[in-house]
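These are my notebook entries on a structure that I looked up. The structure comes before the notes.

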Amino acid sequence: MKATGVHLKSVKKNFGAVDVIRGVDMDIERGQFAVFVGPSGCGKSTLLRMIAGLEETSDGEIFIGDRDVTNEDPADRGVAMVFQSYALYPHLSVYENMAFSLRLAKRPKAEIDGKVREAAGILQLAEHLEKKPAQLSGGQRQRVAIGRAIVRAPDVFLFDEPLSNLDAELRVQMRLELARLHQKLGATMIYVTHDQVEAMTLADTIFVLQGGHVQQSGAPLDLYDDPSNRFVAGFIGSPSMNFFSATIEDRSEDGVVVRLTGQPDLTLDVPLSQPPSKGASVELGVRPEHLIVSQSEGLRVTVDVAEELGGVSYQHGTLEGGDAVIFQQAGVRHGMHGTVQTVTPEPGRVFVFDTEGERIR
Amino acid sequence: MGAPGQSLQGEEAAMSKAKRRRRELRAAGLLTAPFLFVFLIFFLYPTYKVIALSFTDAPLIGDGQWIGLANYAKLLNDRLFFTSLWNNLYFVLLTVVPTTVIALLIALAVSKLKGRMQALVLTLFFLPYVLPVSVVTLIWAWMLDFQFGILQPLIAAVTGKPVPVFRNPYWVMPMIAVVTIWWTNGFNVLLLIAGLRNIPEDLYEAASLDGATPWQRFWRVTWPLLWPVTALVLTLQLILQLKLFDQVYLLSNGGPFNSSYVVLMQMYREAFQLNNGGYASAIAMVLFLVIVIVSVLQFQLLRIGGRK
């Protein structure tokens, strides 16, 4: 089971009295593309740097393959890292930047040349080998940083927010290139980002981190369709989920009847296998694309901002009580700005959370 | 109706443009005037006077006869001048590279410290630089005093007997070099620390992931990236140490047997003790040219070295 990949066992990290990582277990199989995602300060970069060996591990064990690397030097772990700042050596040419680790290891010249040129070929850097990093564009520098990692042929690639210094268009392009690179190399990759779109598009497995814990892990769409708590539900998905406070009005055959706070004329039937008792306060989550405009009873939303993107549009508005609501419209151009719309949640697409934020299924 | 109105507007625009330009020029003139004034009166004019003086036989005060290049010709046959020049170069050899190496070692050590501790240690190293030269030389004259100096037992332990360092022709220049390095090193440490702080931490992280040992991290990352600052320190030191005067004047007065006599000392003696203003100016001019040539040469060499 443990023969390959990266495995963390109750890993902890504290800086003095501050606990940053509070016990993380994870298994990343060989060849997987794993993404750590979370808001800033959640400890995702620290966790990556601990795997790289740039931060000491306060407690727990880190395995790469079947080796315990918890106390190994960074260079002996078989990992290569791509930094947010790229961390290219400014005084060396692109070629020498990529050859750096092999030169240190005193590899024969022919081998170095072969490996550097192969990596340059993969990354379309062949014409830029003699240039200094300062003469390259942001995207090219990013490729050099990736090339430097490829040349070392590591067991695990680590990426620390590698695309956040690029402009939006280049970011999308590099995202695709990274996905293709992963298919081509088939190596294990761990990628840190705060951008959940990057996480959704790149990952085989997403680890959502918050407060030094893994909140939930799994395939991107599993997290989207079946979040295990309010934090993951709100964090995954763009624009993020709508939340409404509500009370359990009654139990029905296969679930509950809930009434939204401040909406006396609307009740919803929600199927639940473990329904809470009558009168309990809960929170309902509905994604913007699951709020349907209807002519009948529903939530009355005053639309104040309409984001028209062509294919889809996002209508931002408020309920009568003042709660913010976003709903999505596809393929139609209504010009809803300034109007009052009635929306109802699609049946079966309502998530229920208890007051602690845990999902009630 | 439209056309004349437009041309009138065009003229107005041109006027206001000219007016704005005049206003900018006036502001520029006002802002640079104080510096220009000081520069002309206290630098350019005296420089011109020294050059002019070096072609005359003038005393220190008053005019003299134009004698062409006679002062320079005399300088070429002045054995004391060549002794002084040689002593200057010997002193440069003793100070410039050693002080840079020592400053680099201190800077590397200090940059490993954190927060307040770093500030404290840096202050300690910088403290001598704040002292005036007379205090510095007094401290060292006492510490190295032949009879009572606290450093004499150390010297005795190495050489077998106490040495009157400022009255010994072999010891005098190296000792003045030690005093000078102790005095001025803090400033170099400061420059190099600033240079070290400019090297991003993640380069070292990348290097350690690439498998670089601490030694390789220094020679392959720190050294090449710090080189511009190192070259600056070397050049500043070269210029400073060629202008050596006060330490020698206060510690050994050029002796013994002229073994610590330097060019500026000779200039001082010719001008203010022998009243030979013209000849002293010629000496000053030659030292000026030596400094310019050597420092430009060195800076170019260092730049080429850095580019490779």
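I take two strands as paired if DSSP finds at least two bridges between them. Helices (H or I, at least four residues) and strands (E, at least two) are DSSP runs, numbered from the N terminus.

I note that this is a predicted model, in which local features need pLDDT of at least 70, side-chain atom pairs count only at pLDDT 80 or more, and totals for chains, interfaces and linings use all residues. Residues are numbered from 1 along each chain as its sequence is written, while chains are lettered from A and ligands numbered from 1 in the order in which they are written.

Entry 1, hairpins of chain A. I looked up strand β11 (residues 242-251) of chain A, which pairs with strand β12 (residues 255-260) of chain A in the antiparallel sense over five bridges. Three residues lie between β11(A) and β12(A) in their hairpin. I found A:Arg259 in β12(A) as the bridge partner of A:Thr247. β12(A) is also joined by five antiparallel bridges to strand β13 (residues 267-271) of chain A. There A:Gly255 stands opposite A:Pro271 of β13(A). The hairpin of β12(A) and β13(A) has six residues between the strands, and in it A:Gly262 takes a positive phi near 80°.

Entry 2, a sheet of chain A. I traced an open sheet of five strands in the order β15-β19-β16-β17-β18 (chain A), with antiparallel pairing. Its edge strands, β15 (291-293) and β18 (324-330) of chain A, each pair on one side only. Strand β17 (residues 312-318) of chain A pairs with β18(A) over seven antiparallel bridges, and A:Ser313 stands opposite A:Gln329 in β18(A).

I looked up burial, where buried means 20 or more other C-beta atoms within 10 Å of a residue's own, exposed 12 or fewer, and partly exposed in between, with C-beta atoms placed from the backbone. In α5 (residues 133-143) of chain B, the buried residues include B:Val136, B:Thr137 and B:Trp140. They are on the same side of α5(B) because they cover an arc of only 90° around the axis, the arc being that of the directions from the helix axis to the C-beta atoms. On the other side of α5(B), I found B:Ser134, B:Val135 and B:Trp142 exposed.

I count residues as in contact if their C-beta atoms, placed from the backbone, lie within 7 Å. Chain B gives 14 residues and chain A 16 residues. On the side of chain B that touches chain A, the largest share, six residues, comes from α8(B).

How values were computed:
Contact = placed C-beta atoms within 7 Å.
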